[in-house]
Amino acid sequence: MLTSILDVLIAGLLLGGLYALIAMGLSLQYGVARVFNISHGEFIMLGGMATLTLFTVFKINPLIAIVICGPITFVLGYIIHRTFFRHLLTSLPIFGEITILCTLFLWTVFRILADYNYVRLNQFAALAICLVIAIILDFALNRTAFRRIHESRVAAGVFESTSMLFSFGLMFIIKNIAFIGWGPSIRSYSFLQQPVSIAGALFGMNRLVTLGFSILIGLAFYFFLTRTRIGKAIRAAASDPTVAQLMGVNINQVLALCFGLGAAMAGIAGVLISMCYPVNANMGIEYTIIAIIVVALGGLGSIPGSFIGGFALGIIGSIVSFFEPGLALVAYYFIFGLLLLIRPKGILGK
Amino acid sequence: MLQVKNINVFYGRIQVLWDLCLEVKEGEILALVGANGAGKTTLLNTISGIIRPSSGTISFLGRRIDNLPPHEIVQLGISHIPEGRRLFADMSVLENLEMGAYSRGSWKTRQKTLEEVFHLFPRLRERAGQPARTLSGGEQQMLAMGRGLMSKPKLCLIDEPSNGLAPKLVQEVFQIIRSLREQGITILLVEQNVRQTLEIADRACVLENGRIALEGCGEELLKSEHVRKAYLGL
């Protein structure tokens, strides 16, 4: 009996380490960059699938894949924030958006008219004409009506909703690109699967490596936030972005950095997940949901909260799986619902 | 030192500042007084780059700054001590002060600057390890001012430093502002506490509905009929 309790607890810690890592990433993106990133799980999927390819095709050790996937997902996240989210942060129409929308609109109108034989024109010639009209319109609007609202920042609440919607779209884009590249099949590889005995229970070496990396990254991140100049700037920006700017913080850079770091954590978590579990291009959403539950459990935007919450949920999942493996996700939802009713601000929330 | 020329500032469709001109001369305390909603804080936010004017220019030491982002304006030597202190509540007193010296240049000399700030505000040294939110109101204002000085500014924009403080502490705050000027820091002071402000200011402007209504040396304004009626209740 005692050993099985210990088994379950250790299994919970192993699972919890992954959850903590995933949730810390989302927490950083939401707590500082204010993006409730629905596409978080897709970065996990990218990390996992990339590792699989690196291992099976190029024979690259998954531990080395961490060093490859981490920076790549970081850069990807950083660029996505610097381009798309940056535009959502400042007030709406930017040069280019109107061009695209207007072109599509005019072209659609043209095609409807063409269907009824009202106009006879080559499709591509029509497209070119639409594009020219749209660019002129865009330019004119930018010079007149939109000039004044340019560069002024939108309210925080507005950004939270637009960025969430955007990340929702991003989820579909990344997922479908992954489908084109990797196809829908569920795949796995075996790496470091030799069993290790802890207190009488057997665990795969790969699971222990996963836990080790999660804790290592958690601690490194903690020291980064509390000891370094940029880390302090991140905390300041989380607390009051406007005043952080007054201190000399380049806010756009720090927000993009946070989004990139969150993406990197997801990417690395993906690498670690692929060592222990099968992966496929469709796996992202499941982890997004778990990340959201953990972040809510730990307290929205609280990074230590996410770390603790991850382990708490891992242990709960492990206990439930011990009795009925299929019910783990159900238990998570149950906890989530209960949490919203009893303590909506989470464990460490303010 | 700082020239604000014909700026117009909008919040969405609402115009807050109308064709406003202002000049701060090196080494002076320029006070900006006016009722709530007159646009005082907006003016400071525009100077420090948080809000952009839709027209007009702002230049500092001969350089145009109205198109620069806030973090570059700080580097040029303008420090903005915001209304309501706005400390980083969960960070320690020391970390708050370090954030004040975030800009590359001031980060290198932060230890030396820290000693100067601790000399000016001895209470902050005692409380260095505490989270900022555990300080009393007066100490928080000291911290906000200390943080603003950590960037070694040439010009300090101070927004309502006496807000919510006991009269004795208000005296202290004004004393410190005066001592800053003696150290060669130019000050643009926004205050609701009109009488005391006009007493320490070299020059003052009265802001009404986003326009400068009156301008003159502090004593002159204290004697002005309009100011006495509208702001001093005499």
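How many other C-beta atoms lie within 10 Å of B:Leu61, and is B:Leu61 buried, partly exposed or exposed? In this predicted model, B:Leu61 has 14 other C-beta atoms within 10 Å and is partly exposed. A residue needs 20 or more such neighbours to be buried and 12 or fewer to be exposed, so a count of 14 falls in between.

## Two loop residues with positive phi

B:Leu61 sits in the loop that joins strand 4 (55-60) to strand 5 (63-64) of chain B. Its phi is near 50°, which is a positive value in a residue other than glycine. Most residues other than glycine have a negative phi.

B:Arg86 also has a phi near 50°, again positive in a residue other than glycine. This residue belongs to the loop between strand 6 (78-81) and helix 3 (93-100) of chain B. B:Arg86 counts as partly exposed, because 19 C-beta neighbours lie inside 10 Å.

## Chain A as a whole

Chain A contains 13 helices and two strands. Its C-alpha atoms fill a box of roughly 80 × 50 × 40 Å along the principal axes. Of its 350 residues, 42% count as buried. Among the contacts in chain A with a separation of 6 or more, 80% are between residues 24 or more positions apart.

The chain is divided into domain 1 (2-89 + 155-342) and domain 2 (97-143). Domain 1 is written as two stretches of sequence, with domain 2 falling between them. The centres of domain 1 and domain 2 of chain A, taken over C-alpha atoms, are separated by 43 Å.

## Helices 2 and 3 of chain A

Two packed helices are described by the angle between their axes and the distance between the axes. For helix 2 (residues 40-56) and helix 3 (residues 62-89) of chain A, the axes come within 10 Å and cross at roughly 140°. That angle makes helix 2 of chain A oblique to helix 3 of chain A. The crossing of these helices is right-handed.

Which residues make the contact? Helix 2 of chain A supplies A:Phe43, A:Leu46, A:Gly47, A:Ala50, A:Thr51, A:Leu54 and A:Phe55. Helix 3 of chain A supplies A:Pro62, A:Ala65, A:Ile68, A:Cys69, A:Thr73 and A:Gly77. By class, the residues of this contact are nine nonpolar, four polar and no charged.

The loop between helix 2 and helix 3 of chain A holds A:Lys59. With 7 C-beta neighbours inside 10 Å, A:Lys59 counts as exposed. A:Lys59 and A:Ala199 are 140 residues apart in sequence, and their C-alpha atoms are 34 Å apart in space.

## The two domains of chain B

Chain B is divided into domain 1 (1-77 + 155-160 + 186-234) and domain 2 (79-152). Their C-alpha centres lie 24 Å apart. Where the domains of chain B meet, 10 residues of domain 1 are in contact with nine residues of domain 2.

On the side of domain 1 of chain B that touches domain 2, helix 1 (40-47), helix 2 (70-76) and strand 7 (155-159) of chain B each supply at least two residues. Strand 7 of chain B gives the most to this side, with four residues. By class, the side of domain 1 has five nonpolar, three polar and two charged residues.

## Where chains A and B meet

Between the chains, 18 residues of chain A are in contact with 24 residues of chain B. On the side of chain A that touches chain B, helix 8 (229-239) and helix 9 (241-246) of chain A each supply at least two residues. The largest share of this side, six residues, comes from helix 8 of chain A. By class, the side of chain A has six nonpolar, six polar and six charged residues.

## Helix 3 of chain B

Why is helix 3 of chain B described as largely enclosed by the rest of the structure? Seven of its eight residues are buried, so the description follows from that count. The buried residues are B:Val93, B:Glu95, B:Asn96, B:Leu97, B:Glu98, B:Met99 and B:Gly100.

Notes. Residues numbered from 1 in each chain as written. Chains lettered and ligands numbered in written order. Predicted model: local features only at pLDDT ≥ 70, side-chain atom pairs only at ≥ 80, totals over all residues. Domains from an automatic or database assignment. Contact = placed C-beta atoms within 7 Å. Nonpolar A, V, L, I, M, F, W, Y, C, P; charged D, E, K, R; others polar. Axes fitted to C-alpha atoms, helices over the stretch in contact; angles between N-to-C directions. Parallel < 35°, antiparallel > 145°, perpendicular 65-115°, else oblique. Left-handed = near helix turned anticlockwise from the far one by under 90°.
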